[in-house]
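I wanted a quick pass over this model before doing anything else with it. These are my notes, in the order I looked things up.

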Amino acid sequence: MRKVILAGNWKMHELIEDGIALAKCTEQGVKDLPINVIVFPPFTAIHPVFNVLGSDSKVRVGAQNMHYEEKGAFTGEISPLMLKDAGAEYVILGHSERRNIFGENDELINRKVKSALSHGLKIVLCVGEKLEERENGKTEEVIKNELVSDLKGVAKEDLENIIIAYEPIWAIGTGVSAKPEQAEEVHKYIRSLLDEMFGAGSGSNMTVLYGGSVKPKNIESLAKMPDIDGGLVGGASLKCEDFVEIGRILTKVKGL
Ligand code: PEP
């Protein structure tokens with residue numbers, strides 16, 4: 001079922017000690033907010049952060065990527081078993097930085113999606129268009145290609161373990177967020193596409209987050225959109241006060 005979620009992607013930031021401090025501050029700030037909060041530390045900080053938060057914490061822990069195999073000769077990679085062992089409950093897959101900087105394609109992302117599901121990890125699956133694609137009227141085509149390929153072979157029952165994050169690439173880390181109406185239009189499209197792929201009602205039941213320069217100053221107007229269930233936040237998740245403030249505003253706007 002749909003949830004209001006605030007997710008923080010720390011990317012390649014925070015050494016262990018700073019990560020622990022950020023996680024503690026975040027937990028303290030959101031503890032009374034009736035929303036779901038997930039943080040995604042770098043691999044080295046997952047276990048220390050999970051340890052300090054504890055398994056009952058309001059703040060859940062996830063990883064930013066994974067390999068699809070359990071183990072083997074894959075130098076530099078990390079497996080779903082290792083992530084679970086470290087305390088991760090979620091994994092981000094298909095982030096545009098993985099797609100564009102590290103060349104991950106939809107076939108690889110689809111393997112990762114199926115592996116994460118089979119290992120009991122919940123997924124935040126990112127999709128989104130480049131500026132040029134938007135300007136050429138290709139946004140829906142890009143989103144469709146990504147979702148259809150990334151979710152190939154996924155069963156309808158598995159959708160409850162998948163959160164979609166719409167992240168227009170031109171809005172990530174740029175300070176230029178999508179306009180609420182632009183984001184809403186794509187969120188609506190994502191839901192209709194999920195209905196088409198998995199049957200009526202599938203899309204309206206899924207949690208769809210917006211990501212791309214979410215800050216305390218723009219979350220209110222974004223969260224007012226009926227198809228936006230929360231945010232995947234990069235830069236602002238590193239500033240405890242900002243992240244918590246986003247959570248407060250989200251809670252208020254969603255009437256929780
Ligand atoms: C992200 O990394 O997913 C993201 C949305 O980053 P930022 O909030 O910094 O744009």
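**Notebook: helices, loops and the ligand**

I started with N110, which lies in helix α5 (residues 106–118). For the record, helices (H or I, at least four residues) and strands (E, at least two) are DSSP runs, numbered from the N terminus. I also noted that this is a predicted model, where local features need pLDDT of at least 70, side-chain atom pairs count only at pLDDT 80 or more, and totals for chains, interfaces and linings use all residues. Residues are numbered from 1 along each chain as its sequence is written, and side-chain values use heavy atoms, with hydrogens and water left out.

Is N110 buried or exposed? I get 8% relative accessibility, so N110 counts as buried. My cut-offs: buried is under 20% relative accessible area, exposed is over 50%, and partly exposed is in between (1.4 Å probe, protein chains only). I also checked N110 against E181: they are 71 residues apart in sequence and 29 Å apart in space, C-alpha to C-alpha.

Next I looked up T26, found in helix α1 (residues 16–30). T26 is buried, at a relative accessible area of 0%. Its side chain reaches the backbone oxygen of L22 at 2.7 Å.

Then I turned to helix α7 (residues 139–150) and its length. Its 12 residues should span 16 Å at 1.5 Å a residue, and the end C-alpha atoms are 16 Å apart, so the two agree. The expected span is 1.5 Å times one less than the number of residues. Which residues of α7 are buried? I list T139, V142, I143, E146, L147 and D150. Seen down the axis of α7, these buried residues fall within an arc of 120°, so they line one face of the helix. The arc is that of the directions from the helix axis to the C-beta atoms.

Most residues other than glycine have a negative phi, so I looked up the exceptions. E14 is not a glycine, yet its phi is positive, about 85°. E14 lies in the loop between β1 (5–9) and α1, and is partly exposed with a relative accessible area of 22%.

S213 is not a glycine either, and has a positive phi of about 55°. S213 sits in the loop between β7 (208–211) and α10 (216–223). At 9% relative accessibility, S213 counts as buried.

**Around the ligand**

S213 turned up again here. Of the 14 residues around the ligand, K11, E167, G173, S213 and G234 come nearest; a residue is near if one of its heavy atoms lies within 4 Å. By class the shell has 4 nonpolar, 8 polar and 2 charged residues. The classes: Ala, Val, Leu, Ile, Met, Phe, Trp, Tyr, Cys and Pro are nonpolar, Asp, Glu, Lys and Arg are charged, and the others, Gly among them, are polar.

Which atoms lie 2.8 Å from an oxygen atom of the ligand? I found a polar side-chain atom of K11 and a polar backbone atom of G234. For H95, an N or O atom in the side chain is 2.9 Å from a ligand oxygen atom. The protein covers 97% of the 300 Å² of accessible area that the ligand has on its own (Shrake-Rupley method, 1.4 Å probe).

The side chains of N9 and H95 are joined by a polar contact of 3.5 Å. A polar contact is a pair of N or O atoms within 3.5 Å; within protein, one must be able to donate a hydrogen and the other to accept it, and residues adjacent in sequence count only if both atoms are side-chain atoms.
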